[in-house]
Amino acid sequence: MGTPPDLSDLEAAAEAATEPARGLFREALACFRAGALRATLSITWTAVVADLLTKLQRLDAAGPDALRARIAGNPQLGVLRSRGHSDP
């Protein structure tokens with residue numbers, strides 16, 4: 001057999017994710033370690049979508065001023081303005 005795969009990206013995603021996505025990422029890791037690759041893929045995508053929706057809901061609840069402040073404080077998001085995109 002070859003070397004075991006590096007799962008650090010999926011483990012890091014599990015730690016950075018919101019609930020309930022964190023539990024889904026951990027379940028995906030367990031599926032991968034058990035050899036259930038199809039389940040790993042399905043659960044990982046479910047976790048990504050759950051995490052994204054949770055974060056979008058939090059931004060929406062915080063209002064547009066909070067979103068502008070997040071974009072202004074993050075140089076990677078500031079690229080949007082330099083490419084001609086309008087403020088959210």
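## T54 in helix 3

T54 is buried, with a relative accessible area of 14%. Buried means under 20% relative accessible area, exposed means over 50%, and partly exposed lies in between (1.4 Å probe, protein chains only). T54 is found in helix 3. Leaving aside its neighbours within four places in sequence, T54 is in contact with T18, E19 and P20. Contact means heavy atoms within 4.5 Å.

## The model and its confidence

This is a predicted model, where local features need pLDDT of at least 70, side-chain atom pairs count only at pLDDT 80 or more, and totals for chains, interfaces and linings use all residues. Residues are numbered from 1 along each chain as its sequence is written, and side-chain values use heavy atoms, with hydrogens and water left out.

The pLDDT is the predictor's confidence in each residue, from 0 to 100. Its mean over the protein is 80, and 80% of the residues reach 70 or more. Confidence is lowest in helix 5 (residues 75-82), at a mean of 58. It is highest in helix 2, at 92.

## Overall fold

The protein has 5 helices and 0 strands. Helices (H or I, at least four residues) and strands (E, at least two) are DSSP runs, numbered from the N terminus. Along the sequence, the pattern reads α-α-α-α-α.

Of the 88 residues in the protein, 22% are buried. The accessible surface comes to about 6600 Å², and 60% of that belongs to carbon and sulfur atoms. Accessible areas come from the Shrake-Rupley method with a 1.4 Å probe; for residues, only the protein chains shown count as cover. Now take contacts between residues at least 6 apart in sequence: 29% of them join residues at least 24 apart.

## The nonpolar core

In soluble globular proteins, nonpolar side chains tend to be buried together. Which residues make up the largest nonpolar core here? There are 12: L7, L10, A14, A17, A21, F25, A28, L29, C31, I43, A47 and A50. A nonpolar core is a set of buried Ala, Val, Leu, Ile, Met, Phe, Trp, Tyr and Cys residues joined through side-chain atoms within 4.5 Å. Helix 1, helix 2 and helix 3 are the elements that give two or more residues to this core. Helix 2 gives the largest share, 5 residues.

F25 is one of the core residues. T44 is found in helix 3. Is T44 buried or exposed? It is buried, at a relative accessible area of 18%. Beyond residues up to four places away in sequence, T44 touches L10, F25 and A28.

## Salt bridges

Side chains of opposite charge can pair when their charged atoms come close. How many salt bridges does the structure hold? It holds 4. A salt bridge is a side-chain nitrogen of Lys or Arg within 4 Å of a carboxyl oxygen of Asp or Glu. One of them joins E15 and R26, at 3.5 Å from N to O. This pair links distant parts of the chain. E15 sits in helix 1 (residues 8-16) and R26 in helix 2 (residues 21-34), 11 residues apart. E15 is exposed, with a relative accessible area of 53%. R26 is partly exposed, at 42%.

E19 forms a salt bridge with R22, where the closest N and O atoms are 3.3 Å apart. Both partners count as partly exposed: E19 at 47% relative accessibility, and R22 at 22%. K55 and D51 also meet in a salt bridge, at 3.0 Å from N to O. Both lie in helix 3 (residues 37-62), 4 residues apart, which is about one turn of the helix. K55 is partly exposed, with a relative accessible area of 37%. D51, in contrast, is buried, at 12%.

## A nonpolar surface patch

L41, W45, V48, V49, L52, L53 and L56 form a nonpolar patch on the surface. Together they have about 680 Å² of accessible area. Patches are made of residues with over 30% relative accessible area and no salt bridge; like charges are joined within 9 Å, and nonpolar side chains (Val, Leu, Ile, Met, Phe, Trp, Tyr) within 5 Å.

L52 is one of the patch residues. Its place is in helix 3. At 49% relative accessibility, L52 counts as partly exposed.
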